[in-house]
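Please keep the model in view while reading.

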Amino acid sequence: MSDAIREVIDREYEFGFEGTFESEVAPKGLSEEIVRFISARKQEPDWLLEWRLAAYRHFLTLEEPTWPNLEIPPIDYQDMHYWAAPKPKGPAPKSLDEVDPEVRAMFDKLGIPLSEQERLSGVAVDAIVDSVSVATTFKARLAEAGVIFCSFSEAVREHPDLVRPHLGSVVGPRDNFFAALNAAVFSDGSFCYVPAGVTCPMELSTYFRMNAADTGQFERTLIVAEEGATVSYLEGCTAPMRDENQLHAAVVELIARTDARIKYSTVQNWYPGDADGNGGIFNFVTKRGRCEGARSKISWTQVETGSAITWKYPSVVLQGDDSVGEFYSVAVTNAHQQADTGTKMIHIGRNTSSTIVSKGISAGRSQNAYRGLVKVLRGAHGARNHTQCDSLLIGDRCGAHTFPYLEVKNPTAQVEHEATTSRVGEDQLFYCRQRGIDEEEATAMIVNGFCRDVFDQLPMEFAVEAQALMRVSLEGSVG
Amino acid sequence: MLEIRDLSVSIDGHAILTGLNLAIGPGEVHAIMGPNGAGKSTLSAVLAGREGYDIEGSVRFAGHDLLALEPEARAAAGVFLAFQYPTEIPGVGNAYFLRTSLNAIREANGEPPVDARSFLGSLRSHMEELEMDPSFSSRAVNAGFSGGEKKRNEILQMAMLEPTLAILDETDSGLDIDALRIVAAGIERLRSPERAFLVITHYPRLLDLVRPDVVHVLRGGRIERSGGAELAQQLEEHGYGPRPERQAVGS
């Protein structure tokens, strides 16, 4: 192995520092009291507390899923905090300028300056640290267009009529083990509402940061696009390096009415653990969108590079006639990371179509699985799906797995599945090196080429970031 | 410019080259011919730095101990190999690849990156000379190319990278007569007093179009004979002749 490669293997996770502000945390453990504590801390209405408690009681009857192709160490749900927040240094900030300078400093260091005037990219950001939203930028400009973009807590307070009918309507509190846990203890998240006929004037994004130790993060995101509305939403995440694992169990619900379009992009870079597989985030996330109206479209694009373990299947329920669901995914695993990720496309309406493009890249001793369901119901006349599922192996100690499920009840459906597995070959590397391109650069180029179909789907500024991230994630994977 | 001394190469104890000597001066075009399995492609791979060989002997190139350099450093020093079987790199555009390559070599030589406009201009004109479709520059490297397109792409890369030593490994194989003419013209255009060529081929027909200064016959792991361009013609007419008795290594 060359020195250059050795050097980058030893390089640390770039975002692994800890913010210096003080945190306030709830006592460890999960109980009805904790659920009540969280709800009270957020001054929630009774209906929401009851909703949480019902979810919690149901959660107690559930077992962790055992079907994923993952080796999950036992998680002690009583040995973590379910609430942590940067300690307020006085009354809640009324504007961005009043946000705790140390919290701002952390976001500056992450490359997410919160001051609106510093934002050249024209992306509105909701910044979430541990359990709470600390700032949302560009609210005023969005409000002019009629777009509501705020923290989930604020939405519950200010727009209960918009939250209540939609909350849990796509991912119900009984959906699965982690979704039930989230429903019981979810802390904050982002809420976005785009009224009929409005095209959101800028990209919206939420930046999630886990900072406090021994703390789970359970955010919830809800996006509603009314008839003819269009919105593009980005999400990014990082966490400090810690020796113990931390749990992240989020829920995302998307609702697209007639002719509405929602594009949801994720660049997930939670701390993946060290080279020996110690520490890292357990990323157990339920994401689902409902194409409720005719001709609506929901598109998921994800670039998953972080987390020790990823369990995640962004899905689309294609209810409206002629609705379209898309899933573009790049999942990279290196060192001892494990990923079991994919999608579900549920065709209900007539002439619904879905596209799945999954690119899995495995390096080191990692395991990477694609798991996807295409379900065509009896009434889904003329449904179409195309699935392209490609795996790329780097080295010979990693694994790539594909688990496609097809359930087709309508004979007019057209469902196609293509899968390939390839290896970053000695031949490719030698070819690049003969052209003067070193091994590290060549690997990054080959992998980025492999992912191109997916990166092309990302908003421009994110595509650049994703390519850079990919390079960092794979550093040390060759040799 | 290139001086190979007593080069012996084996893979897993199996000797392929046994004491090969060869010297090429600037501006010279040397052809290496020889029967299948003579070690022609091994020679080109060893010069370019492919791993997996046990190597003895020395190779000096433009003041470098070539065998001590990584493949990318050899490229930076001016060694170019036109591959017999160019590799496909899906999703990576030809122009992007070439520019990355060119800039990597320039950087290694302390030169600034090439500016986009002059890069594209020169790419376009070389592509025209090689009768390549403009869409070619945005297609992925060699992906889905025909055999002839791949070979043309190698010549295009050579033209753009302007190496001082170009090794062409059976660049003529698999080409129809028109493609051969285009490729040969591409090579001829690059002939210059500073640039040396090592042309490895099975067939004399390329050597009718690219006139070599010296022709070598590689056989039994070493250069069996050398001669002028007329040697290629003799080989065409008479074949390589009976196989000589193999000599012991190092004798």
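In what order do the six strands of the open sheet in chain B lie, and what is the sense of their pairing? The order is β6-β9-β10-β3-β11-β12 of chain B, and the pairing is mixed. Strands here (E, at least two residues) and helices (H or I, at least four) are DSSP runs, numbered from the N terminus, and two strands pair if DSSP finds at least two bridges between them. The edges are held by β6 (79-82) and β12 (222-227) of chain B; each has a single partner strand, so one side of each is left without a neighbour in the sheet. On average, neighbouring strands of this sheet are turned by 20° against each other, direction ignored.

The model is predicted, and local features need pLDDT of at least 70, side-chain atom pairs count only at pLDDT 80 or more, and totals for chains, interfaces and linings use all residues. Residues are numbered from 1 along each chain as its sequence is written, while chains are lettered from A and ligands numbered from 1 in the order in which they are written.

Within the sheet, β3 (residues 29-33) and β11 (residues 214-219) of chain B pair in the parallel sense over four bridges. One of the residues involved is B:Ala31, whose bridge partner in β11(B) is B:Val215. Helix α1 (residues 40-48) of chain B packs on the sheet, where it touches β3, β6, β9 (165-169), β10 (196-200) and β11 of chain B. The direction of α1(B) makes about 145° with that of β9(B); axes are lines fitted to C-alpha atoms, for helices over the stretch in contact, and angles run from 0 to 180 degrees between N-to-C directions. Helix α5(B) lies across β6 and β9 of chain B and runs at about 165° to β6(B).

In the loop between α5 and β9 of chain B lies B:Glu162. Its phi is near 45°, a positive value in a residue other than glycine. Most residues other than glycine have a negative phi.

The buried residues of α6(B) are B:Leu180, B:Val183, B:Ala184, B:Gly186 and B:Ile187. Seen down the helix axis, they fall within an arc of 155° (taken from the directions from the axis to the C-beta atoms), so they line one face of the helix. On the other side of α6(B), B:Asp178 and B:Glu188 are exposed. The cover over the buried residues of α6(B) includes α4 (116-129), α5 (147-161) and α7 (205-209) of chain B.

Between the chains, 21 residues of chain B are in contact with 15 residues of chain A (C-beta atoms, placed from the backbone, within 7 Å). On the side of chain B that touches chain A, the elements giving two or more residues are α2 (71-77), β7 (89-93) and α3 (94-108) of chain B. The largest share, five residues, comes from α3(B).

Definitions and conventions
Buried ≥ 20, exposed ≤ 12 C-beta atoms within 10 Å, placed from the backbone. Contact = placed C-beta atoms within 7 Å.
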